Amino acid sequence: MFSLASIATMSICIFLFGLFFCVVENFQYMIKEVEGNVSVTVFFDETVSQDEAAMKEIGEKIGGREEVAEVKFVSAEETWESYKYIYFAEAPELAEGFANDNPLAKQAHYEIYLKEVEDQNSLVEYLESMEGIRRVNKSVEVADILTSFNLLVGYVSIAIIILLLCVSVFLISNTVTIGIAVRKEEIAIMKLIGATNSFVKAPFVVEGLLIGVIGGAIPLGLLYFLYTKIVNYMGGQFDNLAGLVQFLPVDEMFRILLPVGLALGVGIGFFGSFLTIRKHLRV
Amino acid sequence: MIDLENVTKAYSTGNHALNGVSLHIDKGEFVFIVGDSGSGKSTLIKLLLKELEPTSGTIKVNGINLNKMKQRAIPKYRRKIGVVFQDFRLLKDRNVYENIAFAQRVVITPSKNIRRNVPAMLSLVGLAEKYKSYPKQLSGGEQQRVALARALVNRPNILLADEPTGNLDPKNSKEIMKLLETINERGTTVVVVTHNQEIVDQMKKRVIAMHRGVIISDERKAGYIQHAN
């Protein structure tokens, strides 16, 4: 009876844990995807923009920075080409007038891709302090929003998970305490007959472990089912979101969540019961 | 076999349950310990089971000094001592067979041996046919016999009986005593704590009388010795 209550509570805790885990993992996954597209653009001083060796030197310095994943040089010609592609797509003849006189002749630049989006500010500071740099463009909003939201989700999840873990340990402990009270007579007889400490403790630890395993397996199964359904549903219903919202594949998610969830259940079950036995069973 | 030397047990209230008790019980003896309530009989049993520690003095059982015994050695020590109580202390949710087998499982006896030992014990106590009964389906005398079978199944060399006939009528009391005598004849040292005067008088065994934590008499083939207040 009490074991059932413990299994139910443990299931709820691990279910919620799994839910937060899925949200956090997916969010991290999406951030990684977005991070790949967040870049800092660096334009050169007039003198440097004509000097390939100077530009190369700056590029090497930037590329040597730890937070930088990739540095891409975009020449003035390439800049004009992509500008033309975007702004004169419907009237290419208008761009023809500039054929021999690139209006963006001084706009050669580096596109710098970061490893972690939160390093953007420190990199920008560095870039602005460099000689020969005229302007630094950064994706302020995207980077800041992503970083702060990521932190917020992380902190809230950690707080909730810790709270749930405490509740689980408390409930297991309660179940074991009741179990010990109910079997008080049996334990006293066992001790008189000459049962070893581990013999007396074993059933309670096994009970705790079982509660952990069952209480972990049920919500994980449920989460697997729900996650698969949701990912499939979202994929099917919102085709246009496909580029923006990328879900972590089911297999990849459960490759982490399954062992973590089960270990958590078993861990809580074991420590919850073990510590309670130590407290209540002075054998 | 059992040696107490100047043993004192004082509780935190300042009460002296035992006060400088010395006694020696030989291997194979049958001893009654008699006395009124508060005389220290039950404290003596608890000290022998190492449920309590003496405040001072030395207790030796089977040649082992209990004062020096480590906590983890207690289970092994208790396996050599069988114990029965006035209230039988049987597991109510298990039948007779399971109650006795439980004692064997506790000491990790192979199933094959359990299947052999339990029926043999049930025959000894005369309950071979009631092995499927639950404690509440048995009379007090029968329950005490199950308790005895449980105490003996692990072949202890000492049997401690704390008021074993306290809840029994005279007929059942006599039968239990007869059984204890049989067990004693097979070589087990038997120590019976009781205040059943009639039984003690009939048995003509060694009687140790206690009063307020001290031994007031210790006689062989004696009757019940009552302390004149």
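In this predicted model, helix H3 (residues 96-106) of chain B packs against helix H4 (residues 111-124) of chain B at an angle of about 125°, and their axes lie 10 Å apart. Because of that angle, H3(B) counts as oblique to H4(B), and the crossing of the two is right-handed. On the H3(B) side, the contact is made by B:Tyr97, B:Ile100, B:Ala101 and B:Gln104, while H4(B) brings B:Ile114, B:Asn117, B:Val118, B:Met121 and B:Leu122. By type, the residues of this contact are seven nonpolar, two polar and no charged.

Now let us turn to the strands. Six of them form an open sheet in chain B, in the order S6-S7-S8-S3-S9-S10, with mixed pairing. Strand S6 (81-85) and strand S10 (214-219) of chain B are the edge strands, each pairing on one side only. From one strand to the next, the twist averages 15°. Helix H6 (residues 170-185) of chain B lies across strands S3 (30-34), S7 (158-162) and S8 (189-194) of chain B, and runs at about 155° to S8(B).

| Strand pair | Sense | Bridges |
|---|---|---|
| S1 (residues 2-10) and S2 (residues 16-25), chain B | antiparallel | six bridges |
| S9 (residues 206-211) and S10, chain B | antiparallel | five bridges |

S1(B) and S2(B) make a hairpin with five residues between them, and B:Gly14 in the turn has a positive phi of about 95°. Within this pair, B:Lys9 stands opposite B:Leu18 in S2(B). As for S10(B), which residue there is the bridge partner of B:His211? That partner is B:Val214.

Terms used:
Residues numbered from 1 in each chain as written. Chains lettered and ligands numbered in written order. Predicted model: local features only at pLDDT ≥ 70, side-chain atom pairs only at ≥ 80, totals over all residues. Pairing = 2+ DSSP bridges. Helix = DSSP H or I, 4+ residues; strand = E, 2+ residues; numbered from the N terminus. Axes fitted to C-alpha atoms, helices over the stretch in contact; angles between N-to-C directions. Contact = placed C-beta atoms within 7 Å. Parallel < 35°, antiparallel > 145°, perpendicular 65-115°, else oblique. Left-handed = near helix turned anticlockwise from the far one by under 90°. Nonpolar A, V, L, I, M, F, W, Y, C, P; charged D, E, K, R; others polar.
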